[in-house]
Amino acid sequence: MTKLRQLGRVLVANRGEIAVRVIRACRMAGLPAVAVYSDVDRGARHVALADAAAHVGPAPARESYLSIPRLLAAARETGCGSVHPGYGFLSESAAFARAVVDAGMIWIGPPPEAMGAMGSKISARERMKAAGVPVVPGALIGKFEEHEDFSANGREAGASAAARRVALPRPGAFGPFKEILSLGLPVVVKASAGGGGKGMRIVTSPSDLSEAIASCRREALASFGDDTVYVEKLLPTPRHIEVQIFGDMHGNVIALGERECSLQRRHQKVIEECPSSAVTPDLRARLQNAACDAARAVGYVNAGTVEFLLEPSGSFYFLEMNTRLQVEHPVTEEAFGVDLVALQLRVAAGEPLPDLPSAPSAHAIEARVYAEDPDAGFLPQAGRLLAWIEPSGPGVRVDSGVTAGQAVDIHYDPLLAKVVAVGRDREEARRRLVAALGEMVALGVATNLSWLRRLLEAAPVVRGDLHTGLVETLSPSAPPPPPDEVFEAASSVLSRAALERGGSSERGVFSSPFEGRFRMGRV
Amino acid sequence: MRLRDLRTGEEREAAGDVPPGATAVRDGDVAWVWFRGETYRLSPARSRRAAHGGEGTPSLEAPMPGRIAAVRVASGASVSKGDVLVVLEAMKMEHAVRAPKDGAVERVLVSEGQMVGLGDVLVEMA
């Protein structure tokens, strides 16, 4: 009845919540899943849930989750017939996709050629311009090799990309700086191989341009193994609207509506929803057509996302195409009632796309729970999760990759969980999400839980009046000062610790009950 | 026991059990408390651990654990307020540590590639 079995064992080449998500989809499809893990992920949730697991190296991603040879060896040793890359890490590496196919396995994702065409944001922009899709005005920086080659090689060999790292350019030292300044400030510096806002820098003063470019390069190299960057004009108050597309091997390309991801901090999405309150049926049709045209232009197969910036006037511009599953895919799943990862498996096995809903039947909103401190510029936090309780209830879904007792490591993305609420309309979904976040307990590592809840209660967010700069302009109410109960609870756990020590208060009265408490810098 | 709330800096004398509805755990000298949807961190008031973001002291300490991605100044350099002194990298994100005021750099205590912990001193200014 199904071609699915051709996929065999599925190597899930990722970690955290997305590895858990893919492993679940494999289990539901009746396919065995193999997890991979680095030294620090031995006890991780995704490893526990898989049918088998393979060690792929030390904590730094470049030597484990970003190492194509080690991942291929893991797939071989565990007898896998296919590879799902998740998002992040090597999910947009055409070189990895090609290596998987060359090794005789099925790549659960788009064809390497389509990934190559869209993988360099610079060449994607040029292709869209040629296809008549409007793009944001921009400029390249410096002199580079052919972009597509650069990006493919760069990802394959981080070390050689590092060796090619160019010296810091000085303003006026060469042409592109003039070109950039002629766009008119502010501009935004982006990584060509980028995604997820990694490396992005907004520049408002010419004197900051050099540092922004250098910093973007370093972050791009660390995240993607490729330090090619480009510059775009910063639109004042756009919405971030993206279209979920899906192609199969039989020439079908369909769109599953849009997601709005305008609520961002540090240029990274924190709240996403489907559908967008700004998109009318007519605009949706035009966005979906543009997205499907973009996908067809590169022979796209499997799940992908075409991102646009939408101006208040209703004009939209192509931003980039992500040739993979998105972090925020659950809002589309909940609003449309589809399982996108299950579809990925079927399409990769050669099945045609089934009949899918043409419009959302509910409203879904997702909040990303990060290990970060909103009081300290959203800086990533590390430590051990001493308590972790996930919310539930009607219309509440949690995709998480952690459990109580687990260490949150500096080497990886600080996303702990995604809480998704679905309702008949936007307001019902929003209320359910606020309630769910209020139930969630995460102790031991600072998180943005309280901040997310207050953001969801801010008046423009309640109204759905969003733009990508909104979060910076809001000053959400401060969390309440601690009531008496909190001081009592704290005194109880702290004094109990003193008692257990039998009054030997000279040293270590307040030492941790957890042996080998996680300390950064000594890992 | 005299306790200090690490976010607000508020101090209070307190004793008792964990009250109904609260969840509390201890990590070293820090108590983490969840109560009615909010999370709090408290420490004994005389703890050496500084209140988070308190006092307005010019912080040239690492604001997060991570790796030193770049050192932009040398000992003895004079800097202006806002100049980038050190770039810290963790979880694939960069954070620039900037000069809190005009002045001279007395000592640079870190080098590129080094791992640092939260609160480690990076640069001393005169």
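Predicted model: local features only at pLDDT ≥ 70, side-chain atom pairs only at ≥ 80, totals over all residues.

User: Which residues belong to domain 1 and domain 2 of chain B?

Analyst: Domain 1 covers 2-44 and domain 2 covers 66-125.

User: OK, and how many residues of chain A are in contact with chain B?

Analyst: 49 residues of chain A are in contact with 52 residues of chain B. On the chain A side, the elements giving two or more residues are α10 (209-224), β17 (379-380), β23 (441-443), α15 (449-457) and α18 (484-500).

User: Which one gives the largest share?

Analyst: That's α18(A), with 12 residues.

User: How does the side of chain A that touches chain B split by class?

Analyst: You get 27 nonpolar, 12 polar and 10 charged residues there.

User: Let's look at α10(A). What span should its residues have, and what is the distance between its ends?

Analyst: At 1.5 Å a residue, its 16 residues should span 22 Å, and the end C-alpha atoms are 22 Å apart, so the two agree. Also, α10(A) is mostly covered, with 13 of its 16 residues buried. Just after α10(A) comes A:Gly225, which takes a positive phi of about 70°.

User: Switching topic: what's the strand order in the open sheet of chain A?

Analyst: The sheet has 5 strands in the order β3-β2-β1-β4-β5, with parallel pairing. At the edges stand β3 (52-57) and β5 (106-107); each has a single partner strand, so one side of each is left without a neighbour in the sheet.

User: How many bridges does β1 of chain A make with β4 and with β2?

Analyst: Strand β1 (residues 9-12) is joined to β4 (residues 80-84) by 4 bridges, and 3 bridges join β1(A) to β2(A). For landmarks, A:Arg9 stands opposite A:Cys80 in β4(A), while A:Val10 has A:Ala33 in β2(A) as its bridge partner.

User: Is β2 of chain A mostly covered or mostly uncovered?

Analyst: Mostly covered: 6 of the 6 residues in β2(A) (residues 33-38) are buried.

User: Which way do its residues point?

Analyst: A:Ala33, A:Ala35 and A:Tyr37 point one way, A:Val34, A:Val36 and A:Ser38 the other way, and all are buried. In a regular strand the side chains alternate between the two faces of the sheet.

User: I clicked on A:His46. Where is it, and why does it count as buried?

Analyst: A:His46 is in helix α2 (residues 45-49) of chain A. It counts as buried because it has 27 C-beta neighbours inside 10 Å, and the cut-off for buried is 20 or more.

User: What is A:His46 in contact with?

Analyst: Leaving aside neighbours within four places in sequence, A:His46 is in contact with A:Arg15, A:Gly16, A:Ala19, A:Val20, A:Ile23, A:Ala35 and A:Gly401. A:His46 and A:Val402 are 356 residues apart in sequence, yet 8.5 Å apart in space, C-alpha to C-alpha.

User: Last one: which residues touch the most other members of the largest nonpolar core?

Analyst: Of its 176 residues, those are A:Val12, A:Ala35, A:Ala490 and B:Val33. Apart from that core lies another, of 22 residues, including A:Val187 and A:Ala214.

User: And what does B:Val33 touch?

Analyst: Not counting residues up to four places away in sequence, B:Val33 touches A:Val486, A:Ala489 and A:Ala490 in chain A, plus B:Ala22, B:Ala24, B:Tyr40 and B:Leu42 in chain B.

Terms used
Residues numbered from 1 in each chain as written. Chains lettered and ligands numbered in written order. Contact = placed C-beta atoms within 7 Å. Nonpolar A, V, L, I, M, F, W, Y, C, P; charged D, E, K, R; others polar. Buried ≥ 20, exposed ≤ 12 C-beta atoms within 10 Å, placed from the backbone. Expected span 1.5 Å × (residues − 1). Domains from an automatic or database assignment. Core = buried A, V, L, I, M, F, W, Y, C linked by C-beta atoms within 7 Å. Pairing = 2+ DSSP bridges.
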